[in-house]
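Welcome! Take a moment to look through the sequence and the fold below, and then we can walk through a few features together.

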Amino acid sequence: MKSKFLISILFIAFNSSFFNAQNTFDIVFPTTENDRNQNCKQCFQAFQQKPKEVKFSIKRENNNLYFQINDKEWFNQLFKGTGDGIAVDIVNKERYDCDIESIENSQIKGRLLKPLYGAKLRSGLKPNGENSFRVHVGRISDTEINEELEYNILFLNNKNLCQYYVIYDLESYPWDLLDMGLYLDSLTYNTKQIKASAKEGYILKNKTLKFKIPFEKNKAEYSQEDIKPIYDSLRLTDFNIKSINIKAYSSVEGSLERNIELQEQRANSIVAALQTFQKPTIKTQVSSSENWVEFLNDIKGTENEGLAKLTKNQIKSKLVGAVSNELEPILKNHRKAVLELELEKKDKYKSMSTNDLLSKFNTAIGSENMDDAIEIQNSIFEKIKTKEVSPEFLRKMQIPKQAKFAKIFNKNSAIRYMQDVRQAVIVYNEMLELEKLVPKNAEVKYNITAIKIKLWHFKWQEFNETKLKNDIIALKNYGIESSLISRMLVNFHIIEAENLMRKRDYQNKDKSVSFINNNYEKFPLSDYDYLSLAQFFSYYANVDMAVELLDNKARSIDIDEDLLFYYLNLTLINNKLTQDSNYRTILLNAFNMNNERFCELFNSVENGGVTFQLLADEYLRTTYCENCDN
């Protein structure tokens, strides 16, 4: 399930132009930077010494507001003086209404609550769950209870306003180790998807191919003749197409509704044409959108690059007649479908019962017909995958513990582990016994090391960390690719960082995080890997590393939706980026991909948004009001 955590944005102000005609209590608002530096030394020092892992926020329960923090020691250090305190600024989304011509620039953005100071804060701080503490800091009024609100924090030193924080909500996902896979016939990976609702399984006998099909202008139908060269190029004599995911893109000129309708017709006609070549039904998923990303990228450096400064509707109004004809060499490249095909090897034993398969397998083993035994074994695996038979069925397969049967024995053990990670200890011990028969077998060595890393991660078995690291590096002596070894070492340091974090050894934890950041480019990443690593970096307060990781992905048209929106969560608060034309392309891509989700980014934190205070940015407010204010 997705989880949430809150991040703080620091805003520093020196002016007294809050003018909200409200009670500011006894808070002193420094009017110059020099005054602030003189009066806020202790507060500044506390924030400079704050470990980046310390997190705080304002939490609401009914009408009550609580300051929540995960480090009591730092809290007491921050509020040790009698004039050291907190005040809450309750901000209403109405302040950013699209009908308002300009947003007032003021230090206090809403209704200021009475501050709490030193001794009262320290005595009021109570445990609130594991590694969490909170103190009551105020209430919202009855008139505000149905309003869309957010809660900014004023940190006070000697009653002077020293720090003003806006809290924003970064959508997060549970992360796992990067998938190392296990060797079966070849290296086989889990089919983990980003979305929490996706079912997890494993890829068996399947492979995925990705390619593009261009569309001709105003053409919607595809025939067998159109598709046959593609089908033939796949050489699908031993495979069927199990599923097809099509992302269809139109060029940006013309009606949005007509463009989407045409793209869906094109995509569905491709599926229908491919289906004529095989009997098994192809599972399909189709999405359609206008190709704003490549349009805005491709007009850079041309005499039409000024179009990028216009709204989408203004651009469409320009793309008619001569301008449309002039840009056709660019626009024609934007009409296409990106196809992702999952292929499944044809199973000649598919209709055979499991008992007959078992008998046939044992006969093949007895006659040492290895090719037949492996093919039958794969058919049994497929029945396990589709839950026609339990993984326990594998124990009925009679595999002699001899070196010549090592591959088959290895596959049976690996599949049981991939089906149920709780089998890890049993499978690990089986693999160690197998290693005695084939001490130089690279696939067995790899599988043992991969499972060992998992056992260490789950704390199901203790290992000497130095020896485990050396075992990973030693895999190169058995011909294991360096990219696979690098992936394992990154996983080693993910676990190491978690262990060091629990010990509050932040310095060495940062070394592990740095190793991960410097080495993930040495091997290919799946979408799940990208998001998992980005979430890992963010959780350990290295947002800049997460942004750098996702930056190039965010600029591609076929980026996964969750990756794109996670990147926006990380970057929307950077007002330098929002002024960049390249970033506008990313925003439009997000809106076209899922306009409802895009608009929700600007909801209040309590309503699932990042923060509506992003609308203080003029460009973001214009974009929001153009696309979301219905």
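## Two loop asparagines

In which loop does Asn-62 lie? Asn-62 sits in the loop between β2 (56-61) and β3 (64-69). Keep in mind as you look that this is a predicted model. Asn-62 is not a glycine, yet its phi is positive, at about 55°. With 66% relative accessibility, Asn-62 counts as exposed because the cut-off for that class is over 50%.

Now look at Asn-158, found in the loop between β9 (149-157) and β10 (160-172). Its phi is near 55°, again a positive value in a residue other than glycine. Asn-158 is exposed too, with a relative accessible area of 51%.

## The chain as a whole

Stepping back, the protein chain holds 23 helices and 16 strands. Its C-alpha trace spans about 90 × 70 × 45 Å along the principal axes. Of the 630 residues, 53% are buried. Taking contacts between residues at least 6 apart in sequence, 73% join residues at least 24 apart.

The protein chain exposes about 30100 Å², and carbon and sulfur atoms supply 47% of that area. As for charge, there are 85 positive and 86 negative side chains, and the centres of the two sets lie 5 Å apart.

## Helix α14, end to end

Helix α14 covers residues 442-457, which makes 16 residues. From its first C-alpha to its last it reaches 23 Å, close to the 22 Å expected at 1.5 Å a residue. The helix is mostly covered, with 14 of its 16 residues buried.

Both ends are worth a look. At the start of α14, a side-chain oxygen of Asn-441 comes to within 3.0 Å of the backbone nitrogen of Glu-443. Just after the helix, Lys-459 takes a positive phi of about 60°.

Helix α6 (residues 256-275) has 20 residues and reaches 29 Å from first C-alpha to last, close to the expected 28 Å. Its buried residues include Asn-259, Leu-262, Gln-263, Arg-266, Ala-267, Ile-270 and Leu-274. An α-helix has 3.6 residues a turn, so residues three or four places apart point the same way.

In helix α9 (residues 321-331) you will find Ser-324. Is Ser-324 buried or exposed? Its relative accessible area is 8%, so Ser-324 is buried, the cut-off being under 20%. Leaving aside neighbours within four places in sequence, Ser-324 is in contact with Glu-253, Leu-319 and Leu-331.

Notes. Residues numbered from 1 in each chain as written. Predicted model: local features only at pLDDT ≥ 70, side-chain atom pairs only at ≥ 80, totals over all residues. Heavy atoms only, no water. Helix = DSSP H or I, 4+ residues; strand = E, 2+ residues; numbered from the N terminus. Buried < 20%, exposed > 50% of the residue type's maximum accessible area, 1.4 Å probe, protein only. Contact = heavy atoms within 4.5 Å. Areas by Shrake-Rupley, 256 points an atom, 1.4 Å probe, with all protein chains shown as cover. Lys, Arg positive; Asp, Glu negative; His and termini not counted. Charge placed at Lys NZ, Arg CZ, Asp CG, Glu CD. Expected span 1.5 Å × (residues − 1). Polar contact = N/O pair within 3.5 Å; in protein donor to acceptor, adjacent residues only side chain to side chain.
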